[in-house]
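Subject: Structure for you to look at

Hello,

Here is the structure I promised. Please open it and keep it on screen while you read.

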Amino acid sequence: MKPVKMQKKQKKSPALIMGIESSCDETAVAIVSEEKEILANIILTQLEEHKPYGGVVPEIAARSHIDHLNHLVREALEKANIELDDLSAIAVTSGPGLIGGVMVGLMTAKSIALAKGLPLISVNHLEGHALSIRLTEEVQFPYLLLLVSGGHCQLLIVKGVGDYQRLGTTIDDAAGEAFDKTAKILGLNYPGGPAVEKAALNGKANRFKFPRPLKGKPGSNFSFSGLKTAVLRARDQVVEENGGHLTTQDICDLAASFQEALSDSIIDRVKKGIEHYLEQGTDNKVLVVAGGVAANSVIKEKLASLCTNYDFNVKAPPISLCTDNGAMIAWAGVEKYHLKEFSGLEIGAKARWPLDPDAPPAIGAGVKA
Ligand code: KG4
Ligand code: ZN
């Protein structure tokens, strides 16, 4: 980075916002204009570093963010062909997430804001996901949002920037987490979602009768840990019957039956959410899906057919903006920049930060609420 020069910024047009994301296992920096142009969107995944452990190790994640964030900031500026002085503001994920990583991003953003006299915009990671569709499409408020990732599983009504009503959240594991844990049980690769989906292509979805958690229950909460335990029990039973091993066909059948049960459960929960949304008299029939699990074809197909029944449009950002990235943080920054929602340098990192502070915490959900 260039030497620090303290100076006050002139208002630039169009406004250019840098977004920094470091709340989980992606170190990401993007630069987005208020005219919806993505000038840079650099994402460095730590996948290989966490692979041996079958999940994200917070300390490894934080150290890796420290190692890479500065040069990603430089890379993003080079890609966008601008300098820090050309920015209008700096947006950063300040929660929820793994606290060490969030602190790394926040400290970096604060340093740039202080050194360059730029407004600092604190972004809730979930709000980044929630608003990202408005970067790529003309979607008006309100809309229904299904956020399904490795860390989160929530159904929300997005009423406006900073205005959310949570209809449901997971009471235990997130959907992506359930895929990852199931993959581990079946001896498949991490991340588990793509591996389970691939194995399921050759499997029989009706071989194992797994539970559809919370199906038919009121409300739109989610639960997946019982399903994961059911897969574990079924695997152990097959191993016992097979004389100590699992065949490839067994793995594929377990994967397909799990995916079928999980997607049925999600669809039931979203159906309840759609009905709730319509009861509020809303006529903008749009369901936005975001998060890594939105890449799953079976879930996508079932959501599409559910939405057809209710005359809803399903929209999802392109997959590179669906999974964790800096552009969604920069875009949330643009939305907040227009509302002049700036933060002081005293703000802290938050491990837990619900989008809807009035929603009751779900027992066991931790940061996923
Ligand atoms: O949004 P994301 O990149 O990161 C966060 O967790 O915030 O989501 C990653 C999650 C992982 O749990 C991964 O297994 C899951 O998304 N995933 C999938 C698929 N692709 C990724 N789950 C099911 N099917 C997929 N095709
Ligand atoms: Zn995320």
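Below are notes on a sheet, a helix and a ligand.

First, the ground rules. This is a predicted model, where local features need pLDDT of at least 70 and side-chain atom pairs count only at pLDDT 80 or more, while totals for chains, interfaces and linings use all residues. Residues are numbered from 1 along each chain as written, chains are lettered from A and ligands numbered from 1 in the order written, and side-chain values use heavy atoms, without hydrogens and water.

The sheet: five strands form an open sheet, ordered 8-7-6-9-10, with mixed pairing. Strands are DSSP runs of E, at least two residues; helices are runs of H or I, at least four; both are numbered from the N terminus. Two strands pair if DSSP finds at least two bridges between them. Strand 8 (163-169) and strand 10 (313-315) are the edges, each pairing on one side only. Strand 9 (residues 286-290) runs parallel to strand 10, and three bridges join them. Look for Val-286 opposite Asn-313 in strand 10.

The helix: helix 9 (residues 248-279) packs on the sheet and touches strand 6 (143-148), strand 7 (153-160), strand 8 and strand 9. Touching means heavy atoms within 4.5 Å.

The ligand: 18 residues surround ligand 1, each with a heavy atom within 4 Å of it. Among the closest are Gly-150 and Asp-180. Polar contacts are pairs of N or O atoms within 3.5 Å. A backbone N or O atom of Gly-150 lies 2.7 Å from a ligand 1 oxygen atom. For a polar side-chain atom of Asp-180, the distance to an oxygen atom of ligand 1 is 2.7 Å.

Best wishes

Note on methods: Axes fitted to C-alpha atoms, helices over the stretch in contact; angles between N-to-C directions. Polar contact = N/O pair within 3.5 Å; in protein donor to acceptor, adjacent residues only side chain to side chain.
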